[in-house]
2 protein chains.
Amino acid sequence: MKNKVEARTLKGFRDLLPQEALIKTRMLNVLRSVFESFGFAPIETPHLEYSEVLLDEHSGEISKQVFRFRDQGDRDVCLRYDLTVPFARFSVEHKAKLNFPFKRYAIGNVFRGEQPQLGRYREFTQCDFDIVGPTAGPADAEIVQVIVAALDALKVTNYQVRINNRKLMNGLALAAGIPSEQTPDLLRVVDKYDKIGRAGVIQQLKEELSLAEAPASQILDFCELKSSSTNELLEQASKFANKHELIALGLDELNNLVIALSALPNLKQKVVLDFSIARGLGYYTGCVYETRLLDLPQLGSVCSGGRYDNLTANFTKDALPGVGASVGLDRLLAGLIELKLVTPQTSPSQILCANFDASVLPQVYKIASELRSAGLNVEVFPETGKLKKQIPYAEKQGINWVLIIGSDEISRGVYLLKDLNTGTQHELNSIEEIGQLVS
Amino acid sequence: MKNKVEARTLKGFRDLLPQEALIKTRMLNVLRSVFESFGFAPIETPHLEYSEVLLDEHSGEISKQVFRFRDQGDRDVCLRYDLTVPFARFSVEHKAKLNFPFKRYAIGNVFRGEQPQLGRYREFTQCDFDIVGPTAGPADAEIVQVIVAALDALKVTNYQVRINNRKLMNGLALAAGIPSEQTPDLLRVVDKYDKIGRAGVIQQLKEELSLAEAPASQILDFCELKSSSTNELLEQASKFANKHELIALGLDELNNLVIALSALPNLKQKVVLDFSIARGLGYYTGCVYETRLLDLPQLGSVCSGGRYDNLTANFTKDALPGVGASVGLDRLLAGLIELKLVTPQTSPSQILCANFDASVLPQVYKIASELRSAGLNVEVFPETGKLKKQIPYAEKQGINWVLIIGSDEISRGVYLLKDLNTGTQHELNSIEEIGQLVS
């Protein structure tokens with residue numbers, strides 16, 4: 001007899017058992033409907049791409065994390081590490097077949113060989129939605145609406161979408177004399193505001209960017225502008241508009257965004273401007289978004305994105321601007337479980353049809369089929385045997401209703417439905433009655 | 001300016017544009033609901049596994065096709081080439097947390113570096129559903145019901161599920177003196193029956209398995225048993241039952257299967273016994289299934305599967321029997337497009353809200369949001385501009401309805417809805433009226 005292999009998942013990877021996979025599947029269904037309800041169409045790109053397509057000299061940290069190898073034809077290939085770069089390649093390759101403005105969503109797994117840590121895995125699911133073609137304007141406002149619609153549809157409560165505009169920070173940087181190639185460093189430091197506070201950020205700006213006290217303070221003064229009224233906040237910010245034309249432009253874009261959303265009352269409490277939002281990614285050039293669960297702020301953003309001037313710079317000289325965001329599904333799922341906003345469930349079944357008498361099995365299948373046609377999830381125990389083995393199965397699976405059909409019930413034309421929660425047995429006369437009781 | 005990279009997909013791989021991705025997404029939603037309506041729960045396993053988990057000395061042809069490499073930690077890893085072997089690993093690794101009988105479905109992409117050919121790609125989607133735990137009996141009958149429910153729900157018409165039992169062929173082989181290690185060769189030859197006919201199969205059985213004329217003929221006589229009545233067919237087959245006990249056992253299993261399904265009238269025309277079905281895979285030991293679109297037989301099987309004695313032999317000495325099948329989604333999608341049973345669609349949107357007057361954009365967003373709450377897919381053109389640019393966009397996207405809201409309509413409290421198909425403009429008074437017209 002040959003040696004057995006140890007049954008183990010690859011280091012850094014994980015399985016999803018039904019408890020989590022059922023919730024995740026439902027969340028993905030909800031996201032797909034929301035994206036499509038806004039006219040976003042799905043696309044799919046391969047999990048594997050040529051390395052030269054995914055990586056360039058700016059890839060930096062990512063190129064160390066990427067799963068890269070040579071395929072059977074000795075081609076240099078990578079597993080995708082996000083859905084954005086493949087989308088850029090896709091937009092150029094199929095340009096002639098796409099109608100612009102082009103709105104696509106993509107849901108898929110991406111791979112990064114990061115050091116495994118609690119709740120972080122080397123394979124995770126991204127849910128991206130983007131509008132490419134239009135420059136700043138209504139498209140930016142639409143992304144905010146999709147984020148809110150998605151979280152509302154997922155029954156997430158007490159969250160906040162925070163919006164900023166990258167032009168503001170870029171303008172402040174230029175006004176402070178920071179060369180534009182250092183803007184990413186500025187963003188990185190400002191991004192720590194929540195953790196190290198005003199004094200810490202100023203300290204690091206002085207040390208790492210050689211900023212003087214005055215311009216560093218001015219950047220912090222701007223980031224710290226606060227008001228419960230969006231219009232008042234924009235009013236306060238307008239005092240900085242004369243520091244650099246980019247600041248004026250960024251405020252103008254934010255102002256238009258606020259106006260565009262002004263007739264949507266349900267957004268009022270959920271969407272705020274926040275000038276301290278940096279979003280680390282260097283390629284954003286306009287609006288940036290992030291989304292926090294207010295009851296679990298330490299989770300970080302569960303839906304982030306922004307506007308970029310040019311998606312396709314690596315592939316073509318024709319610039320393709322766009323705006324989009326991505327739901328961090330694995331993180332959101334972990335948050336919703338933590339907050340008990342979703343209930344893990346072991347089985348999708350609502351009813352277990354007991355199977356203890358082979359002679360009536362054909363009738364049991366027929367009844368189960370009729371119940372499914374009535375919209376119920378119904379399973380028949382897949383072995384004929386004793387009822388006392390099947391009830392515990394239903395209990396362990398969290399299936400509350402057991403339909404007991406023997407020759408007696410068949411001959412009397414009734415359905416015996418046991419409620420495992422209460423122990424009550426209901427004698428019912430039709431499929432409709434079962435549906436009413438169970439649903 | 002740095003050199004541009006050519007935007008191209010990896011050799012053997014492909015993208016799905018919205019036209020196909022929309023249909024595929026809907027088909028997957030339908031399959032998920034059907035699987036769950038029978039109580040199958042989703043699970044997910046990683047795309048990457050240790051090579052020793054996926055490959056063994058029996059992997060043969062597959063090991064040449066698999067994408068295998070060393071990860072950052074120098075671990076020998078493979079991209080999965082099916083969902084069955086990972087499921088076996090999963091069943092052993094999580095055994096203590098699963099309730100048996102365990103019913104799982106899994107939908108995911110798998111990778112095989114086959115020579116690319118028309119309609120065959122190196123990455124494709126599998127949709128597997130299996131019941132593990134029970135031995136032959138009701139579980140086998142349930143798989144048939146799931147196949148029929150899935151194809152019916154996908155609106156596939158004129159298909160046939162063909163069922164056989166591997167014990168019959170194994171028994172015939174043993175009765176003919178073919179050693180059991182040669183049974184796979186026998187199956188491979190018999191599988192060519194549709195292509196090379198009786199004489200061709202007999203010829204090859206003689207040449208490749210050194211069979212004499214009489215036993216070869218006998219095997220063919222059995223494969224060719226035909227009757228429009230299942231019971232009559234079983235009656236004919238019963239004459240072979242005394243050749244080997246496996247034949248008697250296989251016929252018994254088929255007989256029980258037929259009885260179990262006997263009260264489901266909608267299965268009558270769709271499910272047949274066919275003793276010529278071999279299903280190449282060596283590990284099947286009982287029922288085998290395949291499914292043909294009768295209007296496109298050359299497509300091959302779109303849903304196949306069977307019963308196996310032991311899923312987990314590579315990992316543990318505890319045998320885990322099961323039965324399952326897999327929908328070949330890419331092949332089925334290609335077939336449905338070919339047969340015009342699905343209509344490719346470029347956009348999920350039903351209505352385009354024109355966007356030509358920035359001052360009313362907030363109201364347009366509000367109306368679009370109300371239409372979405374009424375269950376419609378509605379997009380707002382993501383740039384404010386001339387109507388004459390937006391109508392052609394709607395036409396190209398196949399969106400038939402354009403909602404035109406200007407300050408005049410707002411002040412009059414009406415909605416102007418243009419039917420691009422007829423050119424008619426409807427003046428409507430409520431969201432409900434729009435919903436009724438469009439749906």
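Is Arg104(A) buried or exposed? With a relative accessible area of 0%, Arg104(A) is buried (under 20% relative accessible area is buried, over 50% exposed and anything in between partly exposed, with a 1.4 Å probe and protein chains only). Before we go further, please keep in mind that this is a predicted model, in which local features need pLDDT of at least 70 and side-chain atom pairs count only at pLDDT 80 or more, while totals for chains, interfaces and linings use all residues. Residues are numbered from 1 along each chain as its sequence is written, chains are lettered from A and ligands numbered from 1 in the order in which they are written, and side-chain values use heavy atoms, with hydrogens and water left out.

Back to Arg104(A), which sits in strand S5 (residues 102-111) of chain A; helices (H or I, at least four residues) and strands (E, at least two) are DSSP runs numbered from the N terminus. Its side chain makes a polar contact of 2.9 Å with the side chain of Asp130(A). Such a contact is a pair of N or O atoms within 3.5 Å; within protein, one must be able to donate a hydrogen and the other to accept it, and residues adjacent in sequence count only if both atoms are side-chain atoms. A polar atom of the Arg104(A) side chain also lies 3.4 Å from the backbone oxygen of Leu83(A). Not counting residues up to four places away in sequence, Arg104(A) touches several residues, including Phe40(A), Ile43(A), Phe87(A) and Phe129(A), where contact means heavy atoms within 4.5 Å.

Pro101(A) is in the loop between helix H4 (84-93) and S5 of chain A, and a cis peptide bond with omega of about -5° joins Phe100(A) to Pro101(A). Most peptide bonds are trans. In chain B, Phe100(B) and Pro101(B) are likewise joined by a cis peptide bond, with omega of about -5°.

Two helix residues of chain A come next. Leu31(A), in helix H1 (residues 18-37) of chain A, is buried at a relative accessible area of 0%. Among its contacts beyond four places in sequence are Cys127(A), Ala150(A) and Val327(A). Gln145(A) belongs to helix H5 (residues 138-153) of chain A and counts as buried at 6% relative accessibility. Leaving aside neighbours within four places in sequence, Gln145(A) is in contact with residues including Phe38(A), Leu264(A) and Tyr365(B).

Now turn to chain B, where eight strands form an open, mixed sheet in the order S1-S5-S6-S11-S10-S9-S7-S8; two strands pair if DSSP finds at least two bridges between them. Strands S1 (41-42) and S8 (271-273) of chain B stand at the edges with a single partner strand each, so one side of each has no neighbour in the sheet. Strands S10 (residues 303-308) and S11 (residues 322-328) of chain B run antiparallel and are joined by six bridges. One partner pair is Arg307(B) with Val323(B) in S11(B).

Finally, how do the chains relate? Chain B can be laid on chain A with an RMSD of 0.0 Å by a turn of 180° and a shift of 0.0 Å along the axis (superposed by least squares on the C-alpha atoms of residues with pLDDT of at least 70 in both copies). That is the relation of a two-fold axis. In chain B, the C-alpha nearest the axis is that of Phe69(B), 3.2 Å from it.
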